[in-house]
Each structure stands twice: as C-alpha cells, then as structure tokens.
Amino acid sequence: MNAHEIDYVIYGEEMQYVEIELDPQEAVVAEAGSFMMMDSDIKMDTIFGDGSNQDTGVLGKLFSAGKRLLTGESLFMTAFLNIGYGKKQVSFASPYPGKIIPIDLSEFQGKFICQKDAFLCAAKGVSVGIEFSKRLGRGLFGGEGFIMQKLEGDGMAFVHAGGTTAKKVLGPGETLKVDTGCIIGFTKDVDYDIEFIGGIKNTIFGGEGLFYATLRGPGTAYIQSLPFSRLAGRVLASIPRGGKDRGEGSILGGLGDLLDGDNRF
C-alpha cells in the first residue's frame, strides 16, 4: 500500500485548519463537511469509501463504504485531486475548538486506532476502516462502544481533538488511566480495556462515571482535554428550560440581563 506523499502546514491555535500541498496527480481524501478552501486546478470528486481500494471491483468498494455506516459516517468521502501542472493547496478546518494532529502511519507500523469522529483527512491510499472490540467491558462501557476507527497505510493522516492534546509514550507494561471520552487514539500495540472505578462514594458522588479506560504499553496514545460530548453536555445544561434562565452573573436574573446588555429575543 503506497499512499500519496503530501506536504502540509497547520495554522491557528484553538480553531485550526490544515493546508495540504498537492503535486500534480496527488490527492487527499476527507470527511464531508471538513473542506475549507482550495486553489484552482484541484478537482473535487465524491467517492465510495476512502478510495484506497479502487482495484477491488464494485463489491469491494461497496463493502468498504458500508463499513463506514457502522462508525456513524457517510457512505461517501470527498477526494481532492490536483489536475494542474504545478503545486496546489487545499485546506480543511477543524469542526470545533481543539487541535489537529498529524499522524504519519509509516512511523506507527502502518496502523492507528482512533475514536469514531476523530478522522479529518488523509493522503489518498490511506485506508479508513473499523476496529471491533473483542472485550465485552470495553464494548459496553468504553464510551466508543464495540467499534472504533482504524487508519491503515503508509501515508499521512490527520485527526482532530477537542481542547488541548497530550501525547503519551508508554513503555512495556506501563499503564495510563484515562476518562473514556478523553481518548483520541493510540497505536496498535497499546492494550485498551475498561476498569470499574470502585468504591461507593466514587460511584455515587464522584461525578466521573463508573468506569475509566486503561491504556497499557508499549505504544503511543493521544489524549484530549475537552471531548466534544463533554462540551455539548455543558451547552445543553445551560440552555434555559421552560422559558426560565439560570440568570448567571446577576442575582436579578432576567432583569439583570437587561441591565448588563444580555438581551436575547
């Protein structure tokens, strides 16, 4: 498997985008909705799956695309091909505040496992598939269920994470305990399992859920400080219900909002 060799630059701090430079006849594939801008002479095309199995026939393409439904993604991806004579740029933006992480699959033995919605884009030739969990506990309580996404090949891929990211290099037998939603991804040699927190007080009053993930080395893991599910939960919790506002910042509630300029109609 030989993916296209692409160059890239990541811009921004908290709302990043990645600009990918394509030589003539080079291409990149991306999830729908991540496109930001591109030069002329770049052709955009909608394809089944990830475009890594174009020689496998119709059934092979359908099977590859169908697997994406299990991860909650669309049957289709978008390919951007440079049909011009010089170098051209195409850019993809992160969907919410966080960081874009470049993953060179050739440095990770050709495979990287990540959460289902982390993938942003990759060089054409990188396979975007699914990874089934063989452990019941991980499947039921792991936050990501039985299915995670796997990126395979020898090219560049880009994943997105919320908040600030941490890269942890684990030695043989070294264990890292992580909130299940804070995992971005890890290399194929990392052993991933779910562990019960334990203790009545922790279970009832801890506020951190009943389980956390354990990542055991050797390998590399990427952790995010703000999973989108946590961000969405905070937003939903602050939405006024029944026409009433929490009145944050003022003991006068709605009247205080009028005085401090927070006028919502």
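The model is predicted, so local features need pLDDT of at least 70 and side-chain atom pairs count only at pLDDT 80 or more, while totals for chains, interfaces and linings use all residues. Residues are numbered from 1 along each chain as its sequence is written, and side-chain values use heavy atoms, with hydrogens and water left out.

A salt bridge here is a side-chain nitrogen of Lys or Arg within 4 Å of a carboxyl oxygen of Asp or Glu. Counted that way, there are seven salt bridges. One of them pairs Glu21 with Lys87, at 3.9 Å from N to O. Glu21 sits in strand E2 (residues 17-22) and Lys87 in the loop between strands E6 (76-82) and E7 (88-93), so this pair ties together parts 66 residues apart in sequence. Strands (E, at least two residues) are DSSP runs, numbered from the N terminus. Both partners are partly exposed, Glu21 at 24% relative accessibility and Lys87 at 46%; the term covers everything between buried (under 20% relative accessible area) and exposed (over 50%), with a 1.4 Å probe and protein chains only.

Asp41 and Lys88 make another bridge, their closest N and O atoms being 3.8 Å apart. This pair links distant parts of the chain, with Asp41 in the loop between strands E4 (35-38) and E5 (42-48) and Lys88 in strand E7, 47 residues apart. Asp41 is partly exposed at 39%, whereas Lys88 is buried at 18%.

Glu152 and Lys150 also pair up, with closest N and O atoms 3.8 Å apart. Here Glu152 is partly exposed at 27%, and Lys150 is buried at 19%. Elsewhere, salt bridges with shared partners join Glu13, Glu14 and Lys99 into one network.

Terms used: Helix = DSSP H or I, 4+ residues; strand = E, 2+ residues; numbered from the N terminus.
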